[in-house]
Amino acid sequence: MAKRDYYEVLGVQKNATPQEIKAAYKKMAIKYHPDRNPGNKEAEEKFKEAAEAYDVLHDEQKRARYDQFGHEGLNGMGGGFSGGGMNMDDIFSMFGDIFGGRMSGGGGFGGFSDIFSGFAGNGGQGGHQVYRGSDLRLKVSLTLNEVAQGVTKKFKVKKAVTCDHCHGSGSEDGQTQTCPTCGGKGYTVRTVNSMFGRMQTQQACPTCGGEGHTIKNKCTKCHGEGVVTGEELVEVKIPAGVADGMVVTVPQKGNAGKHNGVPGDIQVFIEVQPHKDFVREEQNLVYNLLLDVPTATLGGTVEIPTLDGKARIKIEPGTQPGKVVRLRGKGLPAVQGYGYGMGDLIVHISVYIPETLNREEKQAMEQFARSDNFRPSESSKNKIFEKFKSFFN
């Protein structure tokens, strides 16, 4: 099953501050903690999922990597541990500092009720609603040569843009009035009784949507939304070394936010076209070199393709099928420095055996067959078998 977006898991926006991410994780951890949900497997999975999301989003390097390339970009960075052997004690140990006390999987964590009541009773941070535009998704198909060098692609994107008539305010005359329901606060508060005592909950004002003000004379062009449908030419810089399935994020080039809010992002999904000569293995490229029998037997020099042209390699006399020649630095680069420099071009050698022979060729082969030198010795059999075993290892 595909993993959910980490921001969605924690219920925060992509421009959330570290403090907001920490508060959101704390809220999720309290809600789904095993001590509050004994025997509830679904709650336990959500607890782990929230911990996994926080593990990535609270780490500046992992978060930047995830924002640009999605879940695939975390491979090798230790991010995203769900299902990877982490148990509940590991999670408690990693994130116990969030709650200011030691957490443990077996006996709960110290001061749980105090922590919960203190967190839930603070009424939240407050503040006016700032709208964020939705993200857009695009797909781009790249050649292997474009992957090797990096490329800039241009897209003409239809999306929500800021209304040029009201400049995004949504008001025809630029005037707004204080919301009569919340008095300009943007939120309403109610007190409820629970098993943990009296708690205050805060929610966005239903009248103004959390903005703290309302519009009396709505813009005639955008009808009070502050955004209209438009079009924009967007440049997407795709770094060298990307792989199929990665996601490159273009910040704040998605749909405009309502009432001069924060624009969304554009998520560009990478699709790499198959290459006629090479198979990709992470940063390495694999090429199958098919030799004829005389060249494999006598040796020589052959020309092979590379991504940036051609290369000549020496074939030693008596080259056996399955031999591998490695051309250092002729593969693909690491994505923005994540990896081990340039990959290699790995040449797998195979030998072509003719399927049909004419009379003269058949007579020549029969003459070769009578020579002991054309029969494999025990040592050569063992050597080839070792190569065969290494292929599976």
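**Aromatic pairs in a predicted model**

Visitor: How many aromatic pairs does the structure hold?

Guide: The model discussed here is predicted. A pair of aromatic rings is described by the distance of the centres and the angle of the planes. In this structure the number of aromatic pairs is 4.

Visitor: Is the pair of Tyr6 and Tyr66 stacked, edge-to-face or tilted?

Guide: The ring centres of Tyr6 and Tyr66 lie 4.8 Å apart, with 40° between the planes. Planes under 30 degrees apart would count as stacked and planes over 60 as edge-to-face. The pair of Tyr6 and Tyr66 is therefore tilted.

Visitor: Which helices does this pair link?

Guide: Tyr6 and Tyr66 are 60 residues apart, so the pair links distant parts of the chain. Tyr6 belongs to residues 6–10 and Tyr66 to residues 60–69, which are helix α1 and helix α4.

Visitor: What is the angle between the planes of Tyr7 and Tyr66?

Guide: Tyr7 in helix α1 and Tyr66 in helix α4 are 59 residues apart, and both are buried. Their rings form a tilted pair, 6.2 Å centre to centre, and the angle between the planes is 35°.

Visitor: Which residues do ring pairs link into a cluster?

Guide: Tyr66 pairs with Tyr6 and also with Tyr7. The cluster linked by these ring pairs consists of Tyr6, Tyr7 and Tyr66.

Conventions
Residues are numbered from 1 along each chain as its sequence is written. This is a predicted model: local features need pLDDT of at least 70, side-chain atom pairs count only at pLDDT 80 or more; totals for chains, interfaces and linings use all residues. Side-chain values use heavy atoms; hydrogens and water are left out. Rings of Phe, Tyr and Trp (its six-membered ring) pair if their centres lie within 6.5 Å; planes under 30 degrees apart count as stacked, over 60 as edge-to-face and the rest as tilted. Helices (H or I, at least four residues) and strands (E, at least two) are DSSP runs, numbered from the N terminus. Buried means under 20% relative accessible area, exposed over 50%, partly exposed in between (1.4 Å probe, protein chains only).
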